[in-house]
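Take a look at the protein below.

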Amino acid sequence: MLLRMPLKQRIDIRHFLKQLQKVRFWHSKSTNVTQMDLPDKSEGDRKIYRALSLANGTRAMLISDPGMGESNTSSHTSVAKSASSKSGTSDSSLEHYQGKLAACAVLMSVGSFYEPPQYQGLAHFLEHMIFMGSEKYPIENAFDSFVTKSGGFSNAHTENEDTCFYFEVEEQHLDKTLDMFMHLMKEPLMSIDAMARERSALQSEFEQTHMIDEVRRDQILASMATDGYPHATFSWGNLKSLQENVDDDDLHKTLHAFRRNHYGANRMTVCLQAQLSLDELEELLVRHCSTMPKSEQSPLDVSRFNYREAFREQFFRELLLVQPVEDVCKVEISWVLPAMRQFYRCKPDAFLSQLLGYEGVGSLCSYLRRRLWCMSVIAGVGGSSFETNSIYSLFTMSIYLTDEGFEHLDEVMAATFAWIRMLNECNTLHSTYKEMQQIAATNFRFQIELPSMDNVQSIVEALRFLPPKDVLTGTQLYFEYDDAAMSMLKQHLNEFRFNIMISSHIPYEHLLYDQVEPWFGTHYTTINMPAKWQAMWSKPEPHPELKMPEQNQFITTDFTVHWIEAGKPHVPRRPKALIKNDLCELWFRPDDTFLLPDGFVNLYFITPIMRRSPHDYMSAVLYTYLVEFSIAEQLYPALVAGLTYGLDTADKGLVLRVSGYNQKLPLLLEIVMNVMQSVTIDPAQVVSFKELKKRQIFNALITGRSLNLDLRLTVLEHMRFTLLQKYHALETITVDDIQNFKDNFYKKMYVQGLIQGNFTEQQARDIMQKVHSTYQSEKVDNLVDQHNRLVQLPLGEHFLRVKTLNEDDPNTIVSNYYQIGPCTLKMECLMDLVDLVVEEPFFNQLRTKEQLGYSLGVYQRIGYGILAYILNINTQENKHTAEHVEARLEAFRSRMPELVAQLTDQEFDEVRETLINGKKLADYSLDDEVMRNWSEIVSMDYFFNRTDMQIQTLNSLTKDDVVTFLLDYDKFHLRKLSVQVIGASTVTRHSTTQSISDAVAARQSSVSGLGRRSGSLAMMLDEVQRNISEEQLLFEQIGDRIRLEFIGVSNDPSHITDIAAFKKDLLVYPFITSNPKLDKS
């Protein structure tokens, strides 16, 4: 003891001196920090906030996130405490992980409005170039590489007035990441060599957006901007704007000058979130941000711009007729308003957009849908910076028409004008406003937590324009009804001073699209605004069917949290099986973590009819569409009130989901099931949905990615209906077929159910009893026969090559599938480690160095208990042949054992620790937990503690285990299937941009500026609209004679030219579970 005490004292003294240094540093800086008002927050928000500004002008919001443990009582607002931290609330066999990634967002108040006209897209280009190394960290990819190795992610985006950067990393790496990031801001290298390379990346990003109609629409409107106004620019940038007739030396100098002029502390807003204390976060902020210099120029003075003069008179006088990319008929009416951010307390635009876009009984949307003229109506100020900025806001009403609706366009316009006039003249808006105010207040009070990076991005953008006190509430709440603000908006909407744009694949009045927008190549034309529409507007005809929304019966009034009311009993982390018999299984878990009045009810109606034939399967698909269409009007108020529902087809049956505030979920579920029983199979609707579904499948067939996946699964799955089978089955389906499915699917049925959230056990039992009383089913014979299984591929390599159906599409999709075999926990963890080690080298080698394609991936797959890993790439056949790309994929795969072996023991340990930390991240919402449990139930693995067991297994794995696993597979067990959808080597269609398949993929990952409500019908209609004009032409040419052309030598056993013949004698794996307990039994 005597020998140890002095050592302990020395350690304490050194620690004390280190802390003293920090305190001295802190004291020297603290005088440069000014506290700002704390933000108002919801009662369930456990996070603690601090708003402040630094002496150099930087404004910041710091967020200390204590997670699900006891809330910090020093917060200015009392919050409900989570009892999950109390003793006895955790299940010893299932850990409750509370780890979260730290996140940071930095917003610079500069965007496309500031760029010189000779270098359009310069602000976006600068956003890319910032990441290309700094003086302190000169390696170009150093920041991205460090973030990836730290278990994180980074990204950025450029708007018209702002550029936002954001990243998330494990908290232990936050200090280093901030240092690297802020040096990119202060002293980026932006070499001329990097500039030349990064322009190609900018071009690639432009090509991904090139076929999105919303982007093309904005550019046409930008061309109508008044001279001298900053929105008259091409903000994306591409090789045309930044390379053609551009001197690189001048561009390089301009790029650096642009950064110095506009990137600075006085124009910088920061949001930092971690589980650290506020003092620790403030120390990080001061240390890394206080030395940021100020910009050399001040922000743009927008006071000199008048919103009423933002667009030329042509914008209001002429009707714009646009040829869209999508196979869609759409009418858009756009009013130019003052910048609406200033009215955030009343939100008159959001309020009236809810009414104009209402889809319930008595609405314009209902009126048009009943006539099969319209699919959806959306209204409001869009979220893009072109649609809302500090100069003006565009308030747009969009009506998505059917072809028949387009034929009755005058009647549609008459009803629309009558609807607008009725709402403008309504004298009961106060009561409707109060209802929306109540819904918004409830949503804010019980808001679902966002992931860290999404949260900091949202807050930093709000802090840019809102007072710190309103940063959290300002975008969410209706604070007060403001007569002056409401009157101002109604006055604007009452004027015949708006733009009308019609986007249609059917030309309006057979007019030619004789003008071309130069940046995106959009074809359009203009004519004078029709006089008949002006007359309709001046004297709208009455439409008795149109009426204001009635009181919403789905608004929640009971917010009791049942777990708290029950005395906070111990709740196991895994769901409990309440019922398990020949007819159903019901799993239940009350929420003891998030403590919100939310619930989820998931039901899987497993019926043998779905497996009988493609004809029966597609009858089920059309049945779900008809139910959704029939129910949409009645249940739209439920969506407004914060509930969601969905009825979808799955391999073995129908999946019915309802979720949201739990009080009204039983009512919502009952209504859906009643309509499922009572829906009338309308012949006209059947014809429409058959045609629309047929086009949707056709689009999948001519899209290389979806066709590649379908071919791979057709080879692998024992029971599968192919896209072609489903396509042809639609031809013969009748009203009687759908009626037959409706009347018989439940006769023999097995129901899997998961009820989770703010329910009692008895409520869960009552819901399942309601299902049984509604559908009095008999048991399914041999339920196990409904489970799909995979075939075992032969040893060696096999190739399936098919020509693309679109002769003008150069895109080639190569997907190499390596089947390992029945999955064990150890094998799954070994592949997790492989994925993490090889992902960055894979992208670096094949995308960056060899430039084989922009879209590629490496990942593992577990299908019906069988483990595999996949290497895939999307290339262009006119640049790289499928044969060459496949060879390069295989060459990389052969290096995978070496990539693992060359890691030092310390590097391997760090990889493993990063993987484990990723698995220990907490769920952000109840939805995360429900989806994980639901996946275990529908797969019938019931491996609810999978993550815990993975972590235990990973801790025991070594580098040698991984290397041995890879070498052993390569030497003794290689079972490879290479599926290749081969694009056209020569393209007759003139295109300098992306292909059709890329356009479809881009739209699938994009979000309209106005956004869509999360109702199932809206999602279904989105799917239906994913047809584009060239696809429509192709559909008309080959739609009834589709035939896949296989490429290969028929007598070569490694070439698959007949899938059925290849599979005929292959072993079919038995039904396999990866749950060790079930496997042993």
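Start with the source of the picture. This is a predicted model. The predictor's confidence in each residue is called pLDDT and goes from 0 to 100. The chain has a mean pLDDT of 88, and 89% of its residues reach 70 or more. One covers residues 989-1016; it still has 79 contacts in the model beyond near neighbours in sequence. The other covers residues 1020-1033, with 45 such contacts.

Now the whole chain. It holds 1081 residues, and 59% of them are buried. There are 38 helices and 26 strands. The surface comes to about 44,400 Å², and carbon and sulfur atoms supply 50% of that area. How far apart in sequence are the residues that touch? Among contacts between residues at least 6 apart, 83% join residues at least 24 apart.

Next, go inside. The largest nonpolar core has 121 residues. Within this core, Phe605, Met676 and Phe745 touch the most other members. Helix α21, residues 614-640, gives the most to the core: 17 residues. Look at Met676 and its surroundings. Beyond its neighbours within four places in sequence, Met676 is in contact with residues including Phe605, Phe745, Tyr623, Val627 and Tyr775. Lys742 is also one of its contacts. A second, separate core has 81 residues, among them Val33, Leu52, Leu184 and Met190.

Now find the sheet. Six strands form an open sheet in the order β23-β24-β22-β25-β21-β26, and the pairing is mixed. Strands of a sheet pair through backbone hydrogen bonds, either parallel or antiparallel. The edges here are β23 (855-863) and β26 (1046-1047), and each pairs on one side only. Further in, β22 (residues 811-822) and β25 (residues 975-982) pair in the antiparallel sense over six bridges. Asn816 stands opposite Ser978 of β25.

Helices meet this sheet too. Helix α29, residues 882-901, packs on the sheet and touches β21, β22, β24 and β25. The direction of α29 makes about 35° with that of β22. Helix α33, residues 959-972, lies across β22, β24 and β25. This helix runs at about 105° to β22.

Follow the chain out of α33 and you come to Leu974, in the loop between α33 and β25. Is Leu974 buried or exposed? A residue counts as buried under 20% relative accessible area. Leu974 has 15%, so it is buried. What touches Leu974? Leaving aside neighbours within four places, the contacts of Leu974 are Pro794, Leu795, Gly796, Glu797, Tyr818, Arg893 and Tyr969. Consider Tyr818 in that list. Leu974 and Tyr818 are 156 residues apart in sequence, but their C-alpha atoms are 7.1 Å apart in space.

One more loop is worth a visit. Thr402 lies between β11 (392-401) and α13 (403-407). Its relative accessibility is 19%, so Thr402 counts as buried under the 20% cut-off. Leaving aside neighbours within four places in sequence, Thr402 is in contact with Cys329, Leu372, Trp373, Cys374 and Met375. Like Leu974, which sits in a loop and is buried, Thr402 sits in a loop and is buried.

Conventions
Residues are numbered from 1 along each chain as its sequence is written. This is a predicted model: local features need pLDDT of at least 70, side-chain atom pairs count only at pLDDT 80 or more; totals for chains, interfaces and linings use all residues. Side-chain values use heavy atoms; hydrogens and water are left out. Helices (H or I, at least four residues) and strands (E, at least two) are DSSP runs, numbered from the N terminus. Buried means under 20% relative accessible area, exposed over 50%, partly exposed in between (1.4 Å probe, protein chains only). Contact means heavy atoms within 4.5 Å. Accessible areas come from the Shrake-Rupley method with a 1.4 Å probe; for residues, only the protein chains shown count as cover. A nonpolar core is a set of buried Ala, Val, Leu, Ile, Met, Phe, Trp, Tyr and Cys residues joined through side-chain atoms within 4.5 Å. Two strands pair if DSSP finds at least two bridges between them. Axes are lines fitted to C-alpha atoms, for helices over the stretch in contact, and angles run from 0 to 180 degrees between N-to-C directions.
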